[in-house]
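Please examine the sequence and the structure below before reading on.

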Amino acid sequence: MSQHVNTAVVVGAGATGSATAVLLAEAGDRVLLVTRSGSGPDHPRVERVAADAGDPVRLAAIAAGADVLINCAMPPYDRWPTEFPPLAASLLSVAEATGAGYVMLGNVYGYGPVDGPLTDDLPLAPSSVKGEVRARMWQEALASYEAGRARVTEVRASDFIGGGAYSPFTILVGDQVLAGRPAAYPGDLDVPHSWCYARDVARTLVAAARHEDSWGRAWHVPPTSDLPVRELAARLATRAGVPAPRLGVMTAQELAAAASADSITAEFPEVLYLLNRPLLLDATPTVEKLGVTATPLDEVLDTMVRPAA
């Protein structure tokens with residue numbers, strides 16, 4: 001059963017955080033959107049608040065009386081091990097102190113390499129530093145739930161596609177295809193891979209926040225596509241009316257060179273297993289229990305071809 005959210009605190013104003021705030025606001029909820037800079041979408045029911053979510057005293061004051069706390073914020077990719085745990089600890093302590101339901105945005109790193117579809121009840125078995133960070137954050141939140149200190153749930157997404165999305169595909173392939181340039185991808189071009197749209201992630205976060213049975217478990221975002229990179233790039237080119245993609249596989253030497261010049265790219269090697277083997281996200285419970293279905297792929301690709309102004 002769904003329940004209405006009257007006041008929501010959303011942390012982070014990236015593509016997913018902004019979409020989540022707007023969805024809640026459009027439903028008539030009061031939304032406090034927290035970022036360090038006070039940024040975010042312009043909406044009459046969204047109050048942008050400049051604050052550091054890593055400060056639990058400040059965040060607890062903001063979240064006092066809120067029904068739900070939704071975290072869409074994350075530190076820079078190369079600083080997860082040092083900066084993510086204290087941020088997560090702050091958010092969890094605020095959920096415990098205020099009684100607000102706590103909805104975490106997560107990903108699939110915590111599962112480690114898996115043969116077959118990823119289901120939301122799989123045990124966490126991370127094989128990377130970033131996966132260990134993600135798994136520990138959820139395990140600590142789940143322990144709080146099981147001890148009766150907080151209501152928590154986690155929404156897990158695979159790689160993002162869509163306008164404004166940030167993923168190996170959008171950065172290394174999508175932009176190049178749209179510009180008619182050759183593209184190199186650091187993974188297998190022909191294995192199926194689940195892709196998630198930021199607005200579908202936001203819809204899943206909102207649905208989890210509203211459902212009284214969502215607590216104490218994880219939910220997967222319904223993927224908009226399971227196409228391999230080669231087919232996805234061709235589909236994007238068709239939607240854009242540009243020449244067929246010219247794709248290659250990035251060699252280890254090319255990846256090393258890119259990593260030496262960019263601290264974010266330097267973090268790719270430990271999670272390359274996600275790009276070199278099939279990755280299929282099973283979101284059946286999300287569809288059946290939360291009522292969230294994926295946006296059709298062509299609609300998502302069109303947001304890359306014609307980004308919103």
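This is a predicted model: local features need pLDDT of at least 70, side-chain atom pairs count only at pLDDT 80 or more; totals for chains, interfaces and linings use all residues.

In which helix does Met137 lie? Met137 belongs to helix H4, which covers residues 129-146.

**The surroundings of Met137**

- Met137 has a relative accessibility of 8%, so this residue counts as buried.
- Apart from its neighbours within four places in sequence, Met137 is in contact with Phe84, Ala88 and Met104.
- Between Met137 and Glu26 there are 30 Å in space, C-alpha to C-alpha, and the two are 111 residues apart in sequence.

**Helices H1 and H6**

- Helix H1 (residues 15-26) packs with helix H6 (residues 198-210) at an angle of about 50°, and the axes of the two helices are 8 Å apart.
- Because of this angle, H1 is described as oblique to H6.
- The crossing that H1 and H6 form is right-handed.
- H1 contributes Ala15, Thr16, Ala19, Thr20, Leu23, Leu24 and Glu26 to the contact, while H6 contributes Ala198, Arg199, Val201, Ala202, Arg203, Leu205, Val206 and Arg210.
- Sorted by class, the residues in the contact of H1 with H6 are nine nonpolar, two polar and four charged.

**Helices H7 and H11**

- Helix H7 (residues 229-240) and helix H11 (residues 297-305) cross at roughly 65°, and their axes come within 9 Å.
- H7 is therefore roughly perpendicular to H11.
- The crossing in which H7 passes H11 is right-handed.
- On the side of H7, the residues that meet H11 are Leu232, Arg235, Leu236, Arg239 and Ala240; their partners in H11 are Leu297, Asp298, Leu301, Asp302, Met304 and Val305.
- The contact of H7 with H11 has seven nonpolar and four charged residues, and no polar ones.

**Cysteines and disulfides**

- A disulfide is a covalent bond that joins the sulfur atoms of two cysteines.
- How many disulfides does the structure hold? The number is zero.
- Is Cys72 buried or exposed? Cys72 counts as buried because its relative accessibility is 11%.
- Cys196 has a relative accessible area of 0%, so this cysteine is buried.

Conventions
Residues are numbered from 1 along each chain as its sequence is written. Side-chain values use heavy atoms; hydrogens and water are left out. Axes are lines fitted to C-alpha atoms, for helices over the stretch in contact, and angles run from 0 to 180 degrees between N-to-C directions. Helices (H or I, at least four residues) and strands (E, at least two) are DSSP runs, numbered from the N terminus. Angles under 35 degrees count as roughly parallel, over 145 as roughly antiparallel, 65 to 115 as roughly perpendicular and the rest as oblique. A crossing is left-handed if the near helix is turned anticlockwise from the far one by less than a right angle, and right-handed if clockwise. Contact means heavy atoms within 4.5 Å. Ala, Val, Leu, Ile, Met, Phe, Trp, Tyr, Cys and Pro count as nonpolar, Asp, Glu, Lys and Arg as charged, and the others, Gly among them, as polar. A disulfide is a pair of cysteine sulfur atoms within 2.5 Å. Buried means under 20% relative accessible area, exposed over 50%, partly exposed in between (1.4 Å probe, protein chains only).
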